[in-house]
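Here is a short report on one protein chain.

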Amino acid sequence: MKKHVTLSRRKVLAGLTGAVAAPMIIRPGSALAQSNSMTFVTWGGAYRDSVVKGVIEPFTAETGIEVNIVDTPDLAKVKAQVMTGNVEWDVFDAPGAMGASGEKEGYWEPLGESMLDVDDMTLAPTETLMPFYTWAGGIAWDADRFGEGEHPTTFAEYFDLEKFPGLRTFRDRPSETLEAALLADGVAPADVYPLDVERAFAKLDEIKSQVASWVSATPQTIALLRTGEVDFSYTYASRVRTTGAQSESGNIQFSFDQTLNGLEYLAVVKGAPNKENAMRFLEFAMRPEIQAATMELLGNAPVSKSAVPMLTEDSQSWLPDLSDPDHLVLNDAWWADNFEEVSRRFKEWVLI
């Protein structure tokens, strides 16, 4: 049986292959913009704290540009801002499916010419998306409540309500959720794409009654476990590590037996009011020393090759081994073509 993470495990994630279609250029080393601020839409909780300490504070110290933070990226709000021409956000912290869909819909600014060493990146940028890091999503539980063999460690087990009764969480978006359903239904990771949407929804029907929360704010995936409002939760390895979940109220554990692995992007919103500042922010975030400092705090894998050896052994132990065929790398290209349509159906299905 595979082990589960406590405070050390797994190999270094050197990078994902095939997650981004076409390598492109990045951004201009331009002069200072007229404004002295920008707005960054990112995720809350410990994630936000880590990004503030790793990127935002040193960025402001070096440039004098103040960064205003908005929690919880929402692609529908980006669409509304871009379509009305009333853009309030500058940089958007986008999971792969959101980023790729936004790129297809034209919601991001081209990144332009680069002063960055693209050869140092494990994944090249696209025309409008800057790879920020790679992450691992999977199953978590409170070990003070559930001992060995009493909790799910794979998605098939997560969907097994007879063997592992109890309330669950899932994200409030189809990406990650549909993939988990297909894996639970016996589809091999290598055969998941193109997604069989009908099969995925049929599998989700089996577990829907036991999903206590369709989570929008990521910290809730841990908070609901701590309070006992759910028994098992779909969350992220980095969340378990960075929230100190194993030393505070609740002994939260994370399984690396099977994970969904994806790419997080940074994008500049089309028509951003502080575009030049936003472009400077992206370039700053990709410096190896900034990547290393931020991912040390986040518990995710840096895109900068030079940053990887700067990570501590503990940080490296929390990264998944993508040579394991049980893991799945999310296909952003598929979601670019299908995110908006499937999202509409998913939201309607949740309400039924």
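W108 counts as buried, at 3% relative accessibility. Buried means under 20% relative accessible area; exposed means over 50%, and partly exposed lies in between (1.4 Å probe, protein chains only). F92 is buried too, with a relative accessible area of 0%.

This is a predicted model, in which local features need pLDDT of at least 70, side-chain atom pairs count only at pLDDT 80 or more, and totals for chains, interfaces and linings use all residues. Residues are numbered from 1 along each chain as its sequence is written, and side-chain values use heavy atoms, with hydrogens and water left out.

**Ring pairs**

The whole structure holds 24 aromatic pairs. Rings of Phe, Tyr and Trp (its six-membered ring) pair if their centres lie within 6.5 Å; planes under 30 degrees apart count as stacked, over 60 as edge-to-face and the rest as tilted. Two pairs are set out here.

| Pair | Centre to centre | Angle between planes | Class |
|---|---|---|---|
| F92 and W108 | 5.2 Å | 35° | tilted |
| F159 and F170 | 5.8 Å | 50° | tilted |

F92 lies in strand β3 (residues 91-95), and W108 in the loop between α3 (96-105) and β4 (130-142), so their pair ties together parts 16 residues apart in sequence. Helices (H or I, at least four residues) and strands (E, at least two) are DSSP runs, numbered from the N terminus.

F159 and F170 are both buried. A cluster linked by ring pairs takes in W135, F155, Y158, F159, F170, F201, W214, Y234, Y236, F346 and W349.

**Charges over rings**

Which ring does the charged end of R168 sit over? It is the ring of Y158, with 5.5 Å to its centre. K208 lies over the face of W349, 4.4 Å from the ring centre. A charge sits over a ring if NZ of Lys or CZ of Arg is within 6 Å of the ring centre and within 35 degrees of the ring normal.

**The whole chain**

The protein chain has 12 helices and 11 strands. Of its 352 residues, 57% are buried. Among contacts (heavy atoms within 4.5 Å), residues 24 or more positions apart account for 77% of those with a separation of 6 or more.
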